[in-house]
Amino acid sequence: MSERATSVLLTGGAGYIGAATADALLADGHRVVILDDLSSGHTDTIPNEASFKTGSYGEADKMEELLRDARIDVVVHCGAKSIVAESDEHPDRYFANNVQASLNLLNAACNVGVKRIVFSSSAAVYGAPTSSTINEATPLAPVNTYGATKVAFELALRSFADAYEMQSVSLRYFNVAGSTERVRERHDPETHLLPRLIHAAESGEPFSIYGNDYATPDGSALRDYVHVGDVAAANLAAVNYLLRDGAPVGHTAVNIGSGVGTSVKQAISAVERATKRTVNVEVQPRRAGDPPRLIADITRAVALLNWRPRQSETTRIIRSLIG
Ligand code: UFG
């Protein structure tokens with residue numbers, strides 16, 4: 001690479017994971033151009049040091065211009081629609097945004113010679129695997145439209161790498177959670193376990209546990225919670241991996257998780273300890289499409305990206321949410 005600072009185009013940079021990623025990239029000395037249509041992002045977390053453009057990555061002509069004018073070296077594609085239930089109700093929107101518009105971005109990048117891409121994929125690509133931990137060779141078998149769109153774009157990245165010598169990394173995030181000093185999850189409605197549990201503990205409102213008859217040690221579902229700061233660090237590690245001399249042409253998928261499973265019941269106890277309050281638990285039937293266990297094997301992330309989780313113990317994630 002030349003002496004100038006490298007320039008990264010960060011789609012979805014006004015969102016939860018995107019904003020944390022912007023901070024990590026800037027702290028490491030990269031120039032950051034954020035592109036976000038603000039459909040779910042917030043301008044107040046855009047760092048002053050980043051440049052910001054409002055718009056969609058689906059506008060191919062504008063994308064070519066932006067990639068060229070900003071002399072982009074790497075695209076970090078965090079932008080997406082990401083609500084699982086909504087994805088099954090409105091597959092048109094999810095395929096349009098997560099696949100069609102993303103393909104426009106990919107074509108634009110390829111056309112102007114920007115050949116390095118880091119993609120925010122998801123453990124949702126695996127569906128409901130039965131193995132105790134999931135490595136990247138686990139078959140792709142999504143059980144919802146959201147996961148299907150992530151598979152589709154990963155496959156496009158693989159084909160583009162083969163045909164056009166692109167270099168890409170798909171980071172398959174497990175359950176991203178927690179807050180940094182500047183960034184917190186602000187979903188409306190909030191469906192995720194840990195923020196809902198903290199709300200229930202603080203408000204006294206009932207908390208629904210979706211299923212306690214899974215074939216897991218305590219009957220509740222197991223997930224792998226990974227701190228958003230660790231996810232941001234993984235994006236940075238993938239960018240630096242692609243920028244280094246001799247980075248291979250091709251597409252690689254990498255799991256990003258803590259490598260540890262936490263059950264819903266364990267999370268309830270941890271929130272009760274951290275808040276010193278009791279959660280008023282109601283047992284409800286299983287939520288449609290919920291796999292019993294999703295726990296990452298993170299061997300590849302450690303070996304390839306020299307990345308490891310640093311702040312993803314569940315108690316630490318919960319403390320970061322409490323403030
Ligand atoms: N849960 C409850 N009660 C609640 C909320 C959640 O019991 O009020 C349970 C769920 O049934 C599940 C676990 O807590 O067993 C975690 O649920 P989340 O909604 O927090 O997260 P998911 O595992 O369903 O999904 C998340 C992301 C997806 C991503 C997936 C990949 O939301 O985008 O992780 O692992 F695809």
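**Entry 1**

I began with glutamate 86 and arginine 93, whose side chains meet in a salt bridge at 3.9 Å, N to O. I noted the criterion: a salt bridge is a side-chain nitrogen of Lys or Arg within 4 Å of a carboxyl oxygen of Asp or Glu. Arginine 93 is partly exposed, with a relative accessible area of 39%. For this term I used these cut-offs: buried is under 20% relative accessible area, exposed is over 50%, and partly exposed lies in between, with a 1.4 Å probe and protein chains only.

**Entry 2: the model**

I recorded that the model is predicted, that local features need pLDDT of at least 70 and side-chain atom pairs pLDDT 80 or more, and that totals for chains, interfaces and linings use all residues. Residues are numbered from 1 along each chain as its sequence is written, and side-chain values use heavy atoms, with hydrogens and water left out.

**Entry 3: further salt bridges**

How many salt bridges does the structure hold? I found eight. One joins glutamate 64 to arginine 68, with the closest N and O atoms 3.7 Å apart. Both residues lie in helix α2 (residues 60–69), four residues apart, about one turn of the helix. Helices are DSSP runs (H or I, at least four residues) and strands likewise (E, at least two), numbered from the N terminus. Arginine 68 is exposed, at 52% relative accessible area.

I then looked up arginine 172, which forms a salt bridge with glutamate 154; their closest N and O atoms are 2.6 Å apart. Arginine 172 belongs to strand β6 (residues 167–173) and glutamate 154 to helix α5 (residues 145–164), so the pair ties together parts that are 18 residues apart in sequence. Are these two residues buried or exposed? Arginine 172 and glutamate 154 are buried.

**Entry 4: the ligand**

I turned to the ligand, which 20 residues surround; the closest include His192, Ser208 and Arg223. A residue counts as near if one of its heavy atoms lies within 4 Å. The shell divides into 11 nonpolar, five polar and four charged residues. Strand β8 gives the largest share of the shell, four residues.

A backbone N or O atom of serine 208 lies 2.8 Å from a ligand nitrogen atom. A polar backbone atom of threonine 191 is 3.5 Å from a ligand oxygen atom. An N or O atom in the side chain of arginine 223 is 2.7 Å from an oxygen atom of the ligand. The protein covers 91% of the 700 Å² of accessible area that the ligand has on its own, by the Shrake-Rupley method with a 1.4 Å probe.

Key
A polar contact is a pair of N or O atoms within 3.5 Å; within protein, one must be able to donate a hydrogen and the other to accept it, and residues adjacent in sequence count only if both atoms are side-chain atoms. Ala, Val, Leu, Ile, Met, Phe, Trp, Tyr, Cys and Pro count as nonpolar, Asp, Glu, Lys and Arg as charged, and the others, Gly among them, as polar.
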